[in-house]
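This report covers a protein and DNA assembly.

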2 protein chains.
Amino acid sequence: MQIGDLSRNAGVNVETIRYYERAGVLPVPARQGNGRRIYGEADVRRLGFIRHARDLGFDLQSVRTLLALQEQPEASCTDASRIAQAQLDEVERRLAQLQSLRAELSRMVAECRKGVVAECRVIEALNTSPF
Amino acid sequence: MQIGDLSRNAGVNVETIRYYERAGVLPVPARQGNGRRIYGEADVRRLGFIRHARDLGFDLQSVRTLLALQEQPEASCTDASRIAQAQLDEVERRLAQLQSLRAELSRMVAECRKGVVAECRVIEALNTSPF
DNA sequence: GCTACAACCTGTAGTCACTACAGGAGCAAG
DNA sequence: CTTGCTCCTGTAGTGACTACAGGTTGTAGC
């Protein structure tokens with residue numbers, strides 16, 4: 001499998017695959033005689049793992065740790081659990097923040113009478129300290 | 001007022017103030033004889049406006065537009081309203097996404113029995129396609 | 001006047017996770 | 001043999017900052 005096939009199979013951009021190699025989350029692959037990268041099924045699975053973790057908001061450092069853990073099936077999964085819990089905490093923090101943003105934004109939009117800027121609640125709200 | 005005072009009054013990093021000047025969201029200030037920037041109360045208010053908008057998730061391009069609008073009190077505020085509505089849509093999109101992330105993460109964490117990696121639901125969940 | 005030391009200046013580079021491009025090589029089909 | 005696709009490396013760009021290096025200026029204490 002060359003990089004284009006891996007890209008299609010895993011649904012990940014070719015440039016991103018090369019980036020992941022540089023970033024050390026994908027192993028350096030073997031090369032064909034012409035210098036082209038060769039991949040196997042394991043790489044498709046690994047990319048799936050990476051994309052799923054990234055979609056859940058884990059950064060590449062966490063992905064590296066999770067991948068390393070995955071390769072030690074007999075190790076304790078305390079680390080994996082801790083990383084996931086930290087991510088969950090972060091997601092809940094962002095959720096709370098976004099909910100208050102939504103409240104403020106929808107108030108701003110609802111109160112705008114589409115008149116002139118001088119009376120616009122959107123602009124006025126931005127001029128008001130959030131504290 | 002020099003840049004350090006503005007920084008303290010507005011609660012914005014000195015480096016960020018200079019960055020905002022380069023980015024064109026803060027006007028180029030007058031200088032003292034020694035080359036230091038001079039600011040006034042209007043700059044404190046403008047920085048407050050910028051920070052509030054940034055905290056609501058508006059990008060600097062939107063902030064530039066909102067600031068330009070703010071300075072034309074007799075213009076129609078349709079643009080301001082449209083920008084705020086777009087931002088509200090974006091916030092709701094991100095909220096929905098984060099809520100499904102939270103669901104998946106909390107399932108992962110809840111099902112982890114803190115045993116070995118081979119049986120870890122966190123790792124297993126990441127190995128499972130989200131589709 | 002001398003010596004610290006803080007605050008300021010400019011300009012550049014680093015961050016994160018990609019994305020995009022330039023400029024070139026290799027390969028297959030028509 | 002030409003067209004067009006895929007691949008290669010290396011570099012630069014994105015957004016919104018943040019962090020430095022290396023220099024000047026201002027102020028306070030002695």
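Which of the 20 residues around DNA strand C come nearest? In this predicted model, they are Arg54(A), Asp59(A), Gly4(B), Arg18(B) and Arg37(B). Of the atoms of DNA strand C that come within 4 Å of the protein, 70% belong to sugar and phosphate.

**DNA strand C**

The surface near DNA strand C draws at least two residues from each of α2 (14–23) and α3 (41–55) of chain A and α1 (3–10) of chain B. With 5 residues, α2(A) gives the most to this surface. Sorted by class, the surface near DNA strand C has 10 charged, 6 polar and 4 nonpolar residues.

For Glu15(A), an N or O atom of the side chain is 3.5 Å from a base nitrogen of DNA strand C.

**DNA strand D**

DNA strand D is surrounded by 20 residues, and the closest are Gly4(A), Arg18(A), Arg37(A), Arg54(B) and Asp59(B). Sugar and phosphate make up 73% of the atoms of DNA strand D that come within 4 Å of the protein.

| Residue | Atom of DNA strand D | Distance |
|---|---|---|
| Thr16(B) | phosphate oxygen | 2.9 Å |
| Arg36(B) | base oxygen | 3.2 Å |
| Arg54(B) | phosphate oxygen | 2.7 Å |

The elements that give two or more residues to the surface near DNA strand D are α1 (3–10) of chain A and, from chain B, α2 (14–23) and α3 (41–55). The largest share, 5 residues, comes from α2(B). By class, the residues of the surface near DNA strand D are 10 charged, 6 polar and 4 nonpolar.

**Relation of the two protein chains**

**Interface of chains A and B**

How many residues of chain B are in contact with chain A? There are 49, and they meet 50 residues of chain A. The copies meet through the same surface, because 100% of the interface residues of chain B are also interface residues in chain A.

About 4400 Å² is buried between chain B and chain A, and carbon and sulfur atoms give 74% of this area. His52(B), Leu105(B) and Leu126(B) supply 15% of the area that chain B buries against chain A, more than any other three residues.

Across the interface of chain B and chain A there are 0 salt bridges, while 5 residue pairs are in polar contact. On the side of chain B that touches chain A, the elements giving two or more residues are α3, α4 (60–70), α5 (78–111) and α6 (121–127) of chain B. The largest share of that side is 19 residues, from α5(B). By class, the side of chain B that touches chain A has 29 nonpolar, 13 polar and 7 charged residues.

Note on methods. Residues are numbered from 1 along each chain as its sequence is written. Chains are lettered from A and ligands numbered from 1 in the order in which they are written. This is a predicted model: local features need pLDDT of at least 70, side-chain atom pairs count only at pLDDT 80 or more; totals for chains, interfaces and linings use all residues. Side-chain values use heavy atoms; hydrogens and water are left out. A residue is near a molecule or strand if one of its heavy atoms lies within 4 Å of it. A polar contact is a pair of N or O atoms within 3.5 Å; within protein, one must be able to donate a hydrogen and the other to accept it, and residues adjacent in sequence count only if both atoms are side-chain atoms. Helices (H or I, at least four residues) and strands (E, at least two) are DSSP runs, numbered from the N terminus. Ala, Val, Leu, Ile, Met, Phe, Trp, Tyr, Cys and Pro count as nonpolar, Asp, Glu, Lys and Arg as charged, and the others, Gly among them, as polar. Contact means heavy atoms within 4.5 Å. Buried area is the accessible area (1.4 Å probe) that two parts lose on being put together, summed over both. A salt bridge is a side-chain nitrogen of Lys or Arg within 4 Å of a carboxyl oxygen of Asp or Glu.
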